[in-house]
Amino acid sequence: MARNELIEKTLVDAMDYARTFLHTGKVATYIPELAKGYPDKLGACVITTDGEIYSAGDWHQEFTIQSISKTLTLIMALQTAGYDRVFSKVGVEPTGDAFNSLVRLETKNTHPLNPMINAGAIATADCCMDSKDPSGDFLTLTRKLCRRDTIHLDEAVFQSEKKAGMRNRSMAYLMQGDNILEHDAEDVVDLYFWMCSLSVNVEDLANYALILANNGVDPRTGETLLEDWIVRIVKTLMVTCGMYDASGEFAMKVGIPAKSGVGGGIMGTVERKMGLAAFNPALDPKGNSVGAYRVLEYLSHYLGLHYFSGSGYTV
Ligand code: DON
């Protein structure tokens, strides 16, 4: 299959466009190890269903997956604990609150509102703990979906998260008190921090996003890696909750199911067309990467990727 020149050129232009915004963001500092990130690093990768890979900038640069792991945690929870048990512990509604907010655990609903915020991901991590080796199983799943056997833990970030994770611990203890967690709060947050601390690059995430775009089947091999009902749930929650309290704005401006993380990554999936990911550690006030957001915005606009793109796909 020939390379698509429109994608190639648009990706280069998207990088130039995104670079002009990087100065408006700030690297996350609440996890001390993340504060070491360079705000001007910018990378992106697009992988189309015909198997072509389009990479740009710092595409090889590794960063921690952070909240993008919440999609993988949900997949593992649905696979191991099943639909009924998972959704008896966590809802599916957007919050409008910050990703690390715990106010609604007290005042609104004892259950976290969705699996894409910290409280919800801690509850779904709890559902993964029946396995003898939850972190090992999680690593295997991540490596398989990202198509890279050398994905590993960033030990320094993991330790840093453990030290700085008081808010997450508070949420876990509240949920243990309300019998939402079935395991010890300390063990559950440890698993949650571990999941957030895997080191990936944009090509890894674009590979994973491609599997989601193709409803669980790797288009290059024909192998079914995920059941389609699970993929449907994950993509739906990426649309409604994947960009935290900017999910509505992102849906309107970009219109690609996406998930971001404070490590600077954003992964997006375009139905039956492509998986994409971008990376830049400079974050906006809501915790979404400034540069990665702009890359996806530009690609969506100029390649006609918005799910309600009137003219249909141009690629
Ligand atoms: O719980 C935390 O604070 C991080 N490990 C993950 C948060 C995150 O990535 C939120 N993203 N925007």
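Predicted model: local features only at pLDDT ≥ 70, side-chain atom pairs only at ≥ 80, totals over all residues.

At what angle do helix H7 and helix H9 pack, and how far apart are their axes?

Mentor: The angle between helix H7, residues 155–164, and helix H9, residues 185–196, is about 140°, and their axes are 9 Å apart. The crossing of the two helices is right-handed. On the H7 side the contact is made by Phe158, Glu161 and Lys162. H9 contributes Asp190, Phe193, Trp194 and Cys196. By class, this contact of H7 with H9 has 4 nonpolar residues, no polar ones and 3 charged ones.

Two of these contact residues, Phe158 of H7 and Trp194 of H9, also touch Leu153. Leu153 is in strand E5, which covers residues 152–153. Leaving aside residues up to four places away in sequence, Leu153 touches Ser197 and Leu198 as well. Leu226, by contrast, is 73 residues from Leu153 in sequence, and the C-alpha atoms of the two are 23 Å apart in space.

H9 also packs with helix H5, residues 118–127. The axes of H5 and H9 come within 9 Å and cross at roughly 110°. Since the range from 65 to 115 degrees counts as roughly perpendicular, H5 is roughly perpendicular to H9. From H5, the residues that meet H9 are Asn118, Ala121, Ile122, Ala125 and Asp126. Their partners in H9 are Val188, Val189, Leu191, Tyr192 and Met195. The contact of H5 with H9 divides into 8 nonpolar residues, 1 polar and 1 charged. For H7 with H9, the corresponding division was 4 nonpolar, no polar and 3 charged.

That leaves the spaces. A search of the whole structure gives 2 cavities of 30 Å³ or more. The largest cavity has a volume of about 110 Å³. It is lined by 14 residues, of which Thr95, Asp97, Ser101, Arg104 and Ile117 are the closest to its centre. Helix H4, residues 103–107, supplies the largest share of this lining, with 3 residues. The lining of the largest cavity comprises 9 nonpolar, 3 polar and 2 charged residues.

The second largest cavity has a volume of about 40 Å³. Its lining consists of Met238, Val239, Met243, Ser247, Phe250, Ala251, Ile256, Ala258 and Tyr307. Helix H11, 228–241, and helix H12, 247–253, are the elements that give two or more residues to it. H12 gives the most, 3 residues. Of the lining of the second largest cavity, 8 residues are nonpolar, 1 is polar and none is charged.

As for open spaces, the largest pocket holds about 340 Å³. Its lining has 19 residues, and the closest to the pocket centre are Leu34, Lys36, Gly37, Glu62 and Phe63. By class, the lining of the largest pocket has 9 nonpolar, 5 polar and 5 charged residues.

Key: Residues numbered from 1 in each chain as written. Heavy atoms only, no water. 1 Å grid on protein atoms, 1.4 Å probe; cavity = no way out; pocket = protein on both sides within 12 Å on 5 of 7 lines; lining within 4 Å. Points joined across faces, edges and corners; volume = space filled by probe spheres on them. Nonpolar A, V, L, I, M, F, W, Y, C, P; charged D, E, K, R; others polar. Axes fitted to C-alpha atoms, helices over the stretch in contact; angles between N-to-C directions. Helix = DSSP H or I, 4+ residues; strand = E, 2+ residues; numbered from the N terminus. Left-handed = near helix turned anticlockwise from the far one by under 90°. Contact = heavy atoms within 4.5 Å. Parallel < 35°, antiparallel > 145°, perpendicular 65-115°, else oblique.
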